[in-house]
Amino acid sequence: MDSSRSAHEITPLVRAAAIAVLALSGGVAAFATIAPEVPAPPSTAARVEPLALRAGATVLAASGTFTREEHFQRGEPLAALLERLAVPEADARKLVRLPALRLLRPGHTVMSEAGADGELLRLSYVAARDTLTVVERAGDAFRTQQAAAPLRTETVMRNGVIRVSLYAAADAAGIPDAIAVQIADIFAGDVDFHRELRPGDRFAVIYEQHFHAGRPLRAGRVLAAEFVNQGKTYRAVHYTTAQGGSGYYAPDGGNLRKAFLRSPLEYSRISSGFGMRRHPFQRTWRAHAGIDFAAPTGTRVRAAGDGVVEFAGLKPGYGNVVILRHRGQYATVYAHLSRFVPGVRRGAQVAQGDFIGHVGQTGWATGPHLHYEFRVGGHSRNPYAIAMPAGLPVPAGELAAYRGQADPLMAQLGLLADGAIALLE
């Protein structure tokens with residue numbers, strides 16, 4: 001290389017090389033080098049173009065059988081799905097009685113295969129826990145086989161900008177809801193997604209996408225993420241320690257998981273804050289010892305931290321209430337529940353994020369909501385006004401291994417946030 005070449009000429013080459021390496025790492029990104037345009041002689045050959053098939057179209061397979069795909073729709077009877085799959089009526093009457101087909105849920109994709117004469121040969125779909133279910137003709141009857149579905153996993157990179165909410169921004173960026181929920185959980189200790197989001201906040205995420213038979217099946221785990229809230233940047237990398245514990249850590253190895261979640265609900269709005277307020281029943285000004293989260297009846301309530309159930313039952317004013325005792329002098333209270341999650345009883349151990357009950361309107365409540373209290377040494381404190389203790393960092397002896405995993409992901413997040421990656425749908 002000519003040593004007289006200036007630094008500003010070398011930098012683009014280095015950046016291009018980094019992007020090229022990133023493109024080969026398995027992410028859903030594409031890069032191209034544009035060569036000088038060379039005029040080509042006119043061609044008289046016929047041009048063949050691919051023709052996109054609509055969803056549910058019938059395809060003639062190489063073996064002479066016909067395959068068809070349909071999505072099971074919410075509220076749809078099984079018989080209606082079988083009719084859309086062109087299953088003969090006599091076969092449909094047998095299939096609706098099969099226990100295996102009762103495991104179908106809205107959104108599942110069902111594939112049928114029929115012979116040239118229209119006779120149904122088999123149905124297949126992937127159900128919960130990645131179980132491949134195949135219903136195959138055996139004479140005049142049908143037999144069912146189940147096995148683990150063979151999956152292919154790809155790494156996907158996406159970014160988005162907050163306009164209204166995290167979930168709306170994720171939808172606009174083509175990010176699955178399951179990934180948006182994970183992003184909210186990862187940064188829940190630092191960002192209050194109910195009160196602190198601002199238009200213009202942005203995020204980038206690298207996550208797993210699982211495929212079956214060439215089709216997207218479900219989103220997997222977030223591998224790394226970045227969230228910029230009101231100008232402050234937070235970054236997280238998933239890491240599994242040598243002892244088998246896993247979690248999300250900052251680039252320096254600090255644990256992003258706080259000892260307590262800021263909010264025990266995945267999404268809601270605060271209808272009454274901590275402090276003095278006019279009591280809705282007594283009509284006098286009194287101290288409100290907790291925070292009220294308005295949410296529809298039945299919304300799941302999470303344990304804010306690891307702990308033991310100290311009380312689960314009915315209390316005056318609180319209605320159905322769960323009280324958790326945590327390490328040290330901490331306790332949390334979850335009131336006005338419609339019901340408890342099975343197994344939540346005095347002495348039961350719960351982990352942070354476990355569901356312990358459902359939002360309701362029991363006790364003194366004018367509408368469905370969760371009354372949440374955070375107690376320190378028996379006194380109620382505002383969970384949004386105190387610093388939450390953090391979890392344990394990456395062990396010192398594993399920092400080198402952690403950085404070896406985290407640094408490439410951080411580089412990819414940096415390129416993604418800078419807009420240097422052309423993402424393909």
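This is a predicted model: local features need pLDDT of at least 70, side-chain atom pairs count only at pLDDT 80 or more; totals for chains, interfaces and linings use all residues.
User: Where does Ala303 lie, and is Ala303 buried or exposed?

Analyst: Ala303 belongs to the loop between β17 (300-302) and β18 (307-315). Buried means under 20% relative accessible area. Ala303 has a relative accessible area of 0%, and is therefore buried.

User: Which residues does Ala303 touch, not counting residues up to four places away in sequence?

Analyst: Ala303 and Leu265 are 38 residues apart in sequence, yet their C-alpha atoms are 9.0 Å apart in space. With residues up to four places away in sequence left out, the contacts of Ala303 are Leu261, Leu324, Tyr334, Val350, Ala351, Gln352, Gly353, Asp354 and Ile356.

User: Which residue of β22 stands opposite Arg302?

Analyst: β17 pairs with β22 in the antiparallel sense, over 3 bridges. Within β22, the residue opposite Arg302 is Phe355.

User: Why is strand β22 described as largely enclosed by the rest of the structure?

Analyst: Strand β22 covers residues 355-359. It is largely enclosed by the rest of the structure because the buried residues number 4 of the 5.

User: Which residues of β22 are the bridge partners of Arg339 and Phe340?

Analyst: Strand β20 (residues 330-340) pairs with β22 in the antiparallel sense, over 3 bridges. The partner of Arg339 in β22 is His358, and that of Phe340 is Gly357.

User: How many residues lie between β19 and β20, and which residue in the turn has a positive phi?

Analyst: Strand β19 (residues 319-325) and β20 are antiparallel and share 5 bridges. Ile323 has Val333 in β20 as its bridge partner. The two strands form a hairpin with 4 residues between them, and the turn residue with a positive phi, about 70 degrees, is Gly328.

User: What is the bridge partner of Thr332 in β23?

Analyst: β20 is joined to strand β23 (residues 369-376) by 6 bridges, and the two run antiparallel. Thr332 has as its partner in β23 the residue Phe374.

User: In what order do the strands of the open sheet stand, and which strands are at its edges?

Analyst: The open sheet consists of 5 strands with antiparallel pairing, in the order β8-β9-β10-β11-β12. Two of these strands have a single partner strand each, so one side of each is left without a neighbour in the sheet; these edge strands are β8 (152-161) and β12. Neighbouring strands of this sheet are turned against each other, direction ignored, by an average of 25 degrees.

User: What angle does helix α6 make with β11?

Analyst: β10 and β11 run antiparallel and are joined by 6 bridges. Val228 has as its bridge partner in β11 the residue Thr233. α5 packs on the sheet through contacts with β9, β10, β11 and β12, and its direction makes about 35 degrees with that of β10. Helix α6 (residues 399-417) also packs on the sheet, touching β8, β9, β10, β11 and β12, and the angle between its direction and that of β11 is about 140 degrees.

User: Why do the buried residues of α5 line one face of the helix, and which elements do they pack against?

Analyst: In helix α5 (residues 177-186), the buried residues include Ile179, Ala180, Ile183, Ala184 and Ile186. Seen down the axis of α5, its buried residues fall within an arc of 165 degrees, so they line one face of the helix. An α-helix has 3.6 residues a turn, so residues three or four places apart point the same way. The elements against which the buried residues of α5 pack are α4 (166-172), β9 (202-212), β10 (215-229), β11 (232-240) and β12 (246-249).

User: What is the phi of Asp130, and is Asp130 buried or exposed?

Analyst: Asp130 is located in the loop between β5 (120-127) and β6 (131-138). Most residues other than glycine have a negative phi. Asp130 is not a glycine, yet has a positive phi of about 55 degrees. Its relative accessibility is 15%, so Asp130 counts as buried.

User: Where is Gln230, and what is its relative accessible area?

Analyst: Gln230 sits in the loop between β10 and β11. Although not a glycine, Gln230 has a positive phi of about 55 degrees. Gln230 is partly exposed, and its relative accessible area is 47%.

How values were computed: Residues are numbered from 1 along each chain as its sequence is written. Side-chain values use heavy atoms; hydrogens and water are left out. Buried means under 20% relative accessible area, exposed over 50%, partly exposed in between (1.4 Å probe, protein chains only). Contact means heavy atoms within 4.5 Å. Two strands pair if DSSP finds at least two bridges between them. The arc is that of the directions from the helix axis to the C-beta atoms. Axes are lines fitted to C-alpha atoms, for helices over the stretch in contact, and angles run from 0 to 180 degrees between N-to-C directions.
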